[in-house]
Amino acid sequence: MKDHHGKGSGHPGMPHGMPEGTIKEVYSQIKDHEDGKVSRKYMSNMQNQLRLVFWETTAGCNLECIHCRRLDVSTQLMNDDLTKEESFELVEAIAEAGKPILVLSGGEPLFRPDIFDISKHAVKQGLTVALATNGTLVDEAMAKKIVDAGVSRVSISLDGADAETHDMFRKLKGSFNQAIKGFNHLKDQGMGMQINCTIAKHNQDQLRDMYNLAVDLGAEAIHIFMLVPVGCGVEIADDQMLPADKYEELLNLFYDLSKEAVIQTKATCSPHYFRIMRERAKEEGVKITPKTHGMAAMTKGCLAGTGVCFVSHKGEVFPCGYLPVEAGHIKKQKFVDIWKDSAVFAKLRQPDLLGGKCGLCEYKKVCEGCRARAFYETGDYMAEEPYCIYTPKLASKG
């Protein structure tokens, strides 16, 4: 989720966003399998195991970010947010679907006075809970409540390496400094911290600086999110969307930064990073394994509907927070049935149905292109990724 799921939210997207304990478990399982067999099996996810659920706990938020996925955002709690009872039922239903990691998102999840009760209930159901917040509401007392609620990792969104850049994007003066304070309060409490950054024209020259900021703050991970034109993002697309060649340049830079192996890195909503990673590794004569490329070796580009899904504050289920194609509704169907039987998800799980050059691409099973950007450009979520410069070998021969 960066602001995959609302303007205040981040998106501790897994598997890179796995809490530290989960990461250690995964590495312990694969340490004797450096030939890549385990990573390929994990990446293919043939059983479409549900790994991660992003839940927009409320559409209410204290910020008015120019890239928010929502147009109907409110500075108050929404009347159609799931009730506490409905929230508990959702948590229990998610736990029945295979114990995925649950990301409490928004809007701003800390707007909900019952968010800590919800988190505790999720932990009791055996779920690993992450929290995605803009950080501006986190003082020392709030940080302690978050820790006490059993949250395993918190992501805070920083959309610039300095206050001027971030505050302009978030439309609240002082929000950068408040977010930094919130980050530090949580870190002081021993919380595992992640920084999320939306990359667009406003900060395209600050990627290295944002990475360095995350390192200096002591974050465990940095996730970058390439702007997706949905909600308010549609209104700023012409001004803020990066051209495909710039995406390529920045994703190559991010690959270079990832090799420093100082903190975890994850490129989200930019699935062609996983093609770039393989091209670069081949050039370097390096085999991609968890030992050489961390958790990136064990996942793929677009996971919408194949490993992750998004639940709106009303209970609608979508492939991700950026793809507004409803797969089901928790008030009408069982969550586990939606995940297993949705026609939308079934289609997304068949990369051979991809259109255009994505369908021809030799990297389609590790990339798949951004289904949300395809939908924005064409109205067809299986169409080709519009912000990728790569020409597949089959296309070039044709």
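**Close-up views of side-chain contacts**

**View 1. Phe254, Tyr273 and Phe274 together make up one aromatic cluster.** The model is predicted: local features require pLDDT of at least 70, side-chain atom pairs count only at pLDDT 80 or more, and totals for chains, interfaces and linings use all residues. Residues are numbered from 1 along each chain as its sequence is written, and side-chain values use heavy atoms, with hydrogens and water left out. Rings of Phe, Tyr and Trp (for Trp, the six-membered ring) are paired if their centres lie within 6.5 Å; planes under 30 degrees apart are called stacked, those over 60 edge-to-face, and the rest tilted.

View 2. The arrangement of Tyr247 and Tyr387 is edge-to-face, with 5.8 Å centre to centre and 80° between the planes. This pair links distant parts of the chain, 140 residues apart: Tyr247 belongs to helix H11 (residues 244-258), whereas Tyr387 lies in the loop between helix H17 (371-378) and helix H18 (393-397). Helices (H or I, at least four residues) and strands (E, at least two) are DSSP runs, numbered from the N terminus. Tyr247 is buried, at a relative accessible area of 1%, and Tyr387 also counts as buried, at 13%. Buried denotes under 20% relative accessible area, exposed over 50%, and partly exposed in between (1.4 Å probe, protein chains only).

**View 3. Phe254 and Tyr273 form an edge-to-face aromatic pair.** Their ring centres are 6.1 Å apart, and the angle between the planes is 65°. The pair links distant parts of the chain, with Phe254 in helix H11 and Tyr273 in helix H12 (residues 273-284), 19 residues apart. Phe254 is buried at 0% relative accessibility, and Tyr273 is buried at 4%.

**View 4. Lys347 and Arg349 each lie over an aromatic ring.** The charged end of Lys347 sits over the ring of Tyr381, 5.5 Å from its centre. Arg349 lies over the face of Trp339, 4.5 Å from the ring centre. A charge is taken to sit over a ring if NZ of Lys or CZ of Arg is within 6 Å of the ring centre and within 35 degrees of the ring normal.

**View 5. Asp117 and Lys84 are joined by a salt bridge.** The structure holds 15 salt bridges, each defined as a side-chain nitrogen of Lys or Arg within 4 Å of a carboxyl oxygen of Asp or Glu. Between Asp117 and Lys84 the N to O distance is 3.0 Å. Asp117, in helix H4 (residues 115-124), and Lys84, in helix H3 (residues 84-96), are 33 residues apart, and the pair links distant parts of the chain. Asp117 is partly exposed at 33% relative accessibility, as is Lys84 at 37%.

**View 6. Glu86 and Lys331 meet in a salt bridge of 3.6 Å, N to O.** Glu86 lies in helix H3 and Lys331 in the loop between strand E10 (328-329) and helix H14 (335-341), so the pair ties together parts that are 245 residues apart in sequence. Glu86 counts as partly exposed, at 24% relative accessibility.

**View 7. Asp256, Lys259, Arg280 and Glu284 are linked in a network of salt bridges.** Arg280 is buried at 15% relative accessibility, whereas Glu284 is partly exposed at 32%.
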